[in-house]
Amino acid sequence: MKFIGTLVLIVALLLLWRMMFTGYRGRALRQKSLPRPIGSKDWQGLHDAIEGVYVSTTDAENSLDRIAAHGLGTRSAVALGFVDEGVGFLRQGARSFVVPARDIVGVGHGPGMVGKWVGRADGLVVLRWRLGDRVVDTGVKPRHPAEGARFAEQVEDLVRRTRRETNDGGVQ
C-alpha cells in the first residue's frame, strides 16, 4: 500500500511540474511580440560592476506579471555594470543584455519582487526601463547592499546626463 501511495505522489508531483512548465512556456509565447533586449558590443568594457543575483523582470504596472520572453524571467548570477550603450546585465547561464541609457526611466530599491523576497526595503536594486512600448522593472539582489546604493546613484547620474544631452539636442 505504501508503494502505491508513493507512486501516486510522484505522478502527481510530475504532473504539477509539467503544468507549471507548460504555463511558463505559454507566457513566453504570449510575450514573444516584445522586442529582444540588445546585447553589448564590448562586454570587456563593463565597468563599475557589482555582483549579485538577477531576480526577474516584471511589468512595472503589475509586479506579479513576470516577463518570460527572451529569458528575462530566468534567475541567474549577474555582474551589473555600465557599458557604452547603457546599463549591462552580464548574466551567467542566461542571455546577457543591455538597457540603453535613453530607455531607463528610473532606479530604486525594493524589498522584493516575484521570484525573490528579501524583506529589507533596500534589498533589491530595481531598474525601471522601456522595453519597446512596455515599461518593465528588473530586480537585482546585490551581494553587498552598500554596492547597490552606490550603483543606484550612478544610474541616477546616467539618467540625468542622458536627459540633459537629449534636451540640449545631443544624443538621441
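Strands β4, β9 and β10 and helix α2 each supply at least two residues of the lining of the largest cavity, a space of about 50 Å³ in what is a predicted model. The count of cavities of 30 Å³ or more comes to 1.

**Cavity lining**
- The residues that line the largest cavity are L80, V87, F89, V107, V125, L127, T138, V140, F151 and V155.

**Nonpolar core**
- The largest nonpolar core holds 26 residues, and those that touch the most other members are V87, F89, I104, L127, F151 and V155.
- Two or more residues of this core come from each of β1, β3, β4 (86-92), β5, β6 (104-110), β9 (124-131), β10 (134-142) and α2 (145-167), and α2 gives the most, with 5 residues.
- In soluble globular proteins, nonpolar side chains tend to be buried together.
- I104, one of the core residues named above, is in contact with V87, V99, L127, R128, W129, V155, L158, V159 and R163, once its neighbours within four places in sequence are left aside.

**P142 in strand β10**
- P142 has its place in strand β10, and it counts as buried because its relative accessibility is 3%, where the cut-off for buried is under 20%.
- Not counting residues up to four places away in sequence, P142 touches I50, E51, G52, G123, V125 and G148.
- The C-alpha atom of P142 is separated by 6.4 Å from that of V53, although the two residues are 89 residues apart along the chain.

**Positive phi values**
- Most residues other than glycine have a negative phi.
- D48, in strand β1 (residues 47-59), has a positive phi near 55°, and D48 is partly exposed, with a relative accessible area of 39%.
- H70, found in the loop between β2 (62-66) and β3 (76-83), likewise has a positive phi, near 60°.

**Confidence of the prediction**
- The protein averages a pLDDT of 88, and 95% of the residues score at least 70.
- Confidence is highest in strand β5 (residues 97-100), at a mean of 96, and lowest in strand β8 (residues 116-117), at a mean of 76.
- Where pLDDT is low, the predicted coordinates should not be read in detail.

Definitions and conventions
Residues numbered from 1 in each chain as written. Predicted model: local features only at pLDDT ≥ 70, side-chain atom pairs only at ≥ 80, totals over all residues. Heavy atoms only, no water. Helix = DSSP H or I, 4+ residues; strand = E, 2+ residues; numbered from the N terminus. Buried < 20%, exposed > 50% of the residue type's maximum accessible area, 1.4 Å probe, protein only. pLDDT = per-residue confidence, 0-100. Core = buried A, V, L, I, M, F, W, Y, C linked by side-chain atoms within 4.5 Å. Contact = heavy atoms within 4.5 Å. 1 Å grid on protein atoms, 1.4 Å probe; cavity = no way out; pocket = protein on both sides within 12 Å on 5 of 7 lines; lining within 4 Å. Points joined across faces, edges and corners; volume = space filled by probe spheres on them.
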